[in-house]
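Please look through the model shown here slowly, with the sequence at hand.

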Amino acid sequence: MGLIKKIVTWGRTKSPWVLHFNTGACNACDIEIIAALTPRYDLERFGVLLKGSPRHADVLLCSGPVTRQIGDRLKRIYDQMPEPKFVVAVGTCACSGGVFKGCYNIESGIDQVLPVAAYIPGCPASPKAIIDAVVKLLKSLEES
Amino acid sequence: MGQAIYNILVFPGLFFLILFGWAAEFIDRKIYARGQKRVGPPWYQPVADFIKLAAKEDIVPEEASATSFKLMPLIAMASAVTAFFYIPLWTTEALFSFYGDIIVVMYLLTIPTLTFFLGGWYSRSLYSTIGAMRTLTQLFAYEVPLFVVILASALLANTWSLSEITKFYALHPHLWIFNLLGFGIGIIALLGKLEKGPFDIPEAETEIVAGSFTEYGGRLLAFFRLTLDIEVIVGASLLAAVFLPFGLNLTPAIGFVIYIIKVLFIVILLAVLRTILARFRIDQMLDFCWRYLAPLAFIQILINLLVKGLLLR
Ligand code: SF4
């Protein structure tokens, strides 16, 4: 049993497929996510692939403070992903609401709506920070 | 009996096919990455992807027809593996063969495409429906040239069995020259069959998310991906058997190495084409296949008829 679990964990840490979802970001964080996926940084080295469908994804990369309107949609997309799944909050907005904190139309952070596995601060978060966070998330998976 | 089960499940059957398919996927992705000046995935990437997908939750959409949705990946894989047994690999003798198996192999290789269509259709999502329609439209474009060039080669050999064809070409080693045009057409049609490179229209990520596979996740997706990997090997072996009949009469060990080289050559050719060409639109693809590829395939038949009439009398 232990061996099978080890093999499965190995597979999971070596092949995280990400889905990118804009939850009301100013678009700077999205551009940084896209930059992290370009050949310059080459995330396929770690097995990371960008997927369009929530059914294929393991990691949900969210950027933005979650506007009231997008909250339901975010939850629906999260529900469409098969277990095990992880949410990564990219950017200060996604972590806490950032400059928009306390606005009447936002939820102030992804963790108000979904359980978050990793927070990446920065306005916007740089590609290197995003890669670092994903690698740390995978390490914590390996240890648990 | 035991020997047959060993042949079917281990070598040169399922197990060998899966390993070879994974290796081919790695080579394909590595070449694609190097073409973009990237490092690319590590060698164990296809294995890790498969294990991860196999250990994930299966979700069947509420609107989908559950039985058909779950059955499609298995049918696809079964037919792709079955087709492999009728193809001569490193000798002139396939594992099983009978008169007319060339038609059976071609139809067995069409079944995975049909299951992609049915799987997409039964998942009832908008994206997968569009993907399914495109899969079928594309099928009508590349299938005819592929059938015609392979049958043209059979015409020259005057038989309807794949093993007989390779025996014929082993006896007349220079005749493969006349089939070169057919080989080129076969490679292009194979790109369409595998939904790769310029013909990945049915699963164009930038337009329709993942095409027919949009609603598939977990184990079912893992099997579909495995089917595609296996189909690469089966398709490449078919082209190698029909168009590249070298090294068939040597000892099994050397023949085996030559067979691997032949298949890898075709895999690398497919990967390079996929890297350097951008995606067509579906109407451009139909246009290209019917206006250029199909007539060229008929020219191949003409060439073979002439060769048969003039040289082989
Ligand atoms: S963290 Fe900064 S860059 Fe990112 S979405 Fe918020 S305001 Fe924009």
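Chain B averages a pLDDT of 83, and 99% of the residues score at least 70, where pLDDT is the predictor's confidence in each residue, from 0 to 100. The model as a whole scores ipTM 0.84 and pTM 0.85. This is a predicted model, in which local features need pLDDT of at least 70 and side-chain atom pairs count only at pLDDT 80 or more, while totals for chains, interfaces and linings use all residues; side-chain values use heavy atoms, with hydrogens and water left out. Residues are numbered from 1 along each chain as its sequence is written, and chains are lettered from A and ligands numbered from 1 in the order in which they are written.

Two packed helices are described by the angle between their axes and the distance between the axes. In chain B, helix H2 (residues 14-35) and helix H10 (residues 218-243) pack at an angle of about 90°, with axes 8 Å apart. That makes H2(B) roughly perpendicular to H10(B), a term that covers angles of 65 to 115 degrees, whereas under 35 counts as roughly parallel, over 145 as roughly antiparallel and the rest as oblique. Axes here are lines fitted to C-alpha atoms, for helices over the stretch in contact, and angles run from 0 to 180 degrees between N-to-C directions; helices (H or I, at least four residues) and strands (E, at least two) are DSSP runs, numbered from the N terminus. Among the residues of H2(B) that meet H10(B) are B:Phe20, B:Trp22 and B:Arg29, and the residues on the H10(B) side include B:Asp229 and B:Ile233.

Helix H8 (residues 180-193) of chain B has 14 residues and reaches 20 Å from its first C-alpha to its last, close to the 20 Å expected at 1.5 Å a residue; the expected span is 1.5 Å times one less than the number of residues. Because 10 of its 14 residues are buried, H8(B) is largely enclosed by the rest of the structure. Buried means under 20% relative accessible area, exposed over 50%, and partly exposed in between (1.4 Å probe, protein chains only). The buried residues, including B:Phe183 and B:Leu190, pack against helices H5 (101-122), H6 (126-157), H10, H11 (252-276) and H12 (282-310) of chain B.

Backbone angles come next. Most residues other than glycine have a negative phi, and most peptide bonds are trans. B:Glu195, which follows H8(B), has a positive phi near 55°. A:Asp42 likewise has a positive phi, of about 50°, and lies in the loop between helix H2 (28-37) and strand E2 (49-50) of chain A. Is A:Asp42 buried or exposed? With a relative accessible area of 4%, A:Asp42 is buried, whereas B:Lys37, whose phi is near 60°, counts as exposed at 75% relative accessibility.

A cis peptide bond joins A:Glu83 and A:Pro84, with omega about -10°, and A:Pro84 sits in the loop between helix H3 (68-80) and strand E4 (86-90) of chain A. The bond from A:Cys123 to A:Pro124 is also cis, with omega near -5°.

Finally, A:Ser15, in the loop between helix H1 (2-14) and strand E1 (17-22) of chain A, is buried with a relative accessible area of 0%. Leaving aside neighbours within four places in sequence, A:Ser15 is in contact (heavy atoms within 4.5 Å) with residues including A:Gly47, A:Asp58, B:Gln45 and B:Lys52.
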